[in-house]
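Try each task on your own before you read its solution.

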Amino acid sequence: HGEGGVWITERRDNQLTLLDVEPDSERVGDSFSVGAAPEGVATGAGAVWVAIGGEGEVARFDPGDESVGRTIGGFDQPQGIAFDEPGGAVWVTDSAAGTVTRIDAITGAADEPVPTGRGAQGVAVGADAVWVSNRGDGTVSRVDPDGGGAEPIPVGANPKGVAVSEDLVWVANTDDDTVSIVDPDAGSEVETVEVGDGPRGVTFG
């Protein structure tokens with residue numbers, strides 16, 4: 001949610017669609033072509049950032065002129081994406097490479113990818129770190145945003161969605177039907193919550 005509405009990606013139609021949040025609106029607004037197989041989406045720095053899985057790129061979509069102003073390439077299969085407002089950066093996971101990459105939101109320059117684990121997917125920023133779920137390893141990695149490495153923390157099977165609250169990290173484990181609660185200070189899972197069948201996404205708010 002941001003930049004005037006709710007943005008969703010439509011993977012099969014290769015589109016980015018704006019939903020209006022006003023109660024009396026028609027809800028579904030315009031749709032825009034952004035590239036093949038769009039995946040994760042985030043807003044920040046006056047733009048909408050989209051991981052274009054089918055083209056190995058991240059697109060910076062300008063909602064003002066309704067077009068893709070810049071693409072950043074070099075990915076195998078970009079998946080998750082999160083905006084780091086204090087750091088002025090976008091963080092993108094690459095599922096095929098098992099990495100996460102920082103992109104400067106102003107210049108579009110990409111740092112060297114940080115290895116996190118097999119099947120890197122979900123990504124969230126908070127608690128002084130970047131958090132990446134690794135589907136193939138059953139871990140969530142704590143990544144130092146200032147250039148340090150990644151510390152894997154065991155969670156459940158096939159973790160996908162990840163979110164950060166004020167003092168905890170939450171990870172949705174699809175194959176375990178659970179959510180792992182991680183203490184970022186201790187660097188370990190402190191609780192496992194059983195939920196419904198096949199959880200994928202998680203958010204805090």
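Predicted model: local features only at pLDDT ≥ 70, side-chain atom pairs only at ≥ 80, totals over all residues.

**Exercise 1. Another alanine in a loop**

Task: Work out which loop holds Ala37, and whether Ala37 counts as buried or exposed.

Solution. Step 1: the loop that holds Ala37 runs between E3 and E4.
Step 1: the relative accessibility of Ala37 is 12%, and therefore Ala37 counts as buried.
Step 2: check the backbone here too. Ala37 is not a glycine, yet its phi is positive, near 60 degrees.

**Exercise 2. Aromatic rings**

Task: Find how many aromatic pairs there are, and describe how the rings of Phe32 and Phe61 are placed.

Solution. Step 1: the count comes to three aromatic pairs.
Step 1: a pair of aromatic rings is described by the distance of the centres and the angle of the planes. For Phe32 and Phe61 the centres are 4.9 Å apart and the planes stand at 45 degrees, so this pair is tilted.
Step 2: Phe32 belongs to strand E3 (residues 28-33) and Phe61 to strand E6 (residues 57-62), so the pair links distant parts of the chain, 29 residues apart.
Step 3: see how covered they are. Phe32 is buried because its relative accessibility is 11%, and Phe61 is buried because its value is 1%.
Step 4: look for a further ring. Trp7 joins Phe32 and Phe61 in a cluster linked by ring pairs.

**Exercise 3. A four-stranded sheet**

Task: Trace the sheet that contains E16, E17, E18 and E19, and give the strand order.

Solution. Step 1: the order is E16-E17-E18-E19, in an open sheet with antiparallel pairing.
Step 1: find the edges. They are strand E16 (159-164) and strand E19 (188-194), each of which pairs on one side only. From one strand to the next, the twist averages 25 degrees.
Step 2: follow E16 into strand E17 (residues 169-173). Four bridges join these antiparallel strands, and the two form a hairpin with four residues between them. Opposite Trp170 in E17 stands Ala163, and opposite Val171 stands Val162.
Step 3: go on to strand E18 (residues 178-183). E17 and E18 pair antiparallel over five bridges, with Val169 opposite Val182 in E18. Their hairpin has four residues between the strands, and Asp177 in this hairpin takes a positive phi near 60 degrees.
Step 4: ask how covered E17 is. Four of its five residues are buried, which leaves E17 mostly covered.

**Exercise 4. A second sheet and one of its residues**

Step 1: Strand E13 (residues 129-134) and strand E14 (residues 139-143) pair antiparallel over five bridges, and Thr139 in E14 is the bridge partner of Asn134.
Step 2: turn to Gln121, which lies in strand E12. Gln121 counts as buried because its relative accessibility is 14%.

**Exercise 5. The largest pocket**

Task: State the volume of the largest pocket and find which residues lie nearest its centre.

Solution. Step 1: the volume is about 1,100 Å³.
Step 1: the lining of the largest pocket has 31 residues, and Val41, Ile81, Val123, Val162 and Val202 lie nearest the centre.
Step 2: the elements giving two or more residues to this lining are strand E1 (6-10), strand E4 (38-44), strand E8 (78-84), E12 and E16.

Conventions:
Residues numbered from 1 in each chain as written. Heavy atoms only, no water. Pairing = 2+ DSSP bridges. Axes fitted to C-alpha atoms, helices over the stretch in contact; angles between N-to-C directions. Buried < 20%, exposed > 50% of the residue type's maximum accessible area, 1.4 Å probe, protein only. Phe/Tyr/Trp six-rings, centres within 6.5 Å; stacked < 30°, edge-to-face > 60°. 1 Å grid on protein atoms, 1.4 Å probe; cavity = no way out; pocket = protein on both sides within 12 Å on 5 of 7 lines; lining within 4 Å. Points joined across faces, edges and corners; volume = space filled by probe spheres on them.
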